[in-house]
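The exercises below are meant to be worked through with the sequence and the 3D view side by side. Try each task before reading its solution.

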Amino acid sequence: MASVIRLDNLSKTYGTGEKALTAINKLSFDVQAGQIYGFLGPNGAGKTSTIKILLNLIYPSSGQAYL
């Protein structure tokens, strides 16, 4: 089956220097066509940042996102 969502070592950092905040740190996963995937986690875990990267609303600091 083909992947419909794939993240490869995705990272996102906001800010620079001592005030830098790492929202996503080397996230990788693969969702195949027909799979059901739950995207859960506590507040501040990077869920919204990941979705925004998949929708091209923001850009990752490193890694690749495919939709």
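**Exercise 1.** In this predicted model, find how many salt bridges a search of the whole structure gives, and work out how exposed the residues taking part are.

*Solution.* The search of the whole structure finds one salt bridge. Next, identify the partners: the side chains of R6 and D8 meet at 3.0 Å, N to O, which is within the 4 Å that a salt bridge requires. As background, side chains of opposite charge can pair when their charged atoms come close.

**Exercise 2.** Describe how strand 1 and strand 2 pair, and state which residue of their hairpin takes a positive phi.

*Solution.* Begin with the limits of the strands, which are residues 3-14 for strand 1 and residues 21-32 for strand 2. The two pair in the antiparallel sense over eight bridges, and T13 has T22 in strand 2 as its bridge partner. Between the strands the hairpin has six residues, and in this hairpin G15 takes a positive phi near 85°.

**Exercise 3.** Which residues make the nonpolar surface patch of about 440 Å², and where is I51 placed?

*Solution.* The patch is made by I51, L55, L57 and L67. Of these, I51 has its place in helix 1, which covers residues 47-54. Patch residues need over 30% relative accessible area, and I51, which is partly exposed, has 40%.

Conventions. Residues numbered from 1 in each chain as written. Predicted model: local features only at pLDDT ≥ 70, side-chain atom pairs only at ≥ 80, totals over all residues. Heavy atoms only, no water. Buried < 20%, exposed > 50% of the residue type's maximum accessible area, 1.4 Å probe, protein only. Patch = residues over 30% accessible without salt bridge, like charges linked within 9 Å, V, L, I, M, F, W, Y side chains within 5 Å. Areas by Shrake-Rupley, 256 points an atom, 1.4 Å probe, with all protein chains shown as cover. Helix = DSSP H or I, 4+ residues; strand = E, 2+ residues; numbered from the N terminus. Pairing = 2+ DSSP bridges.
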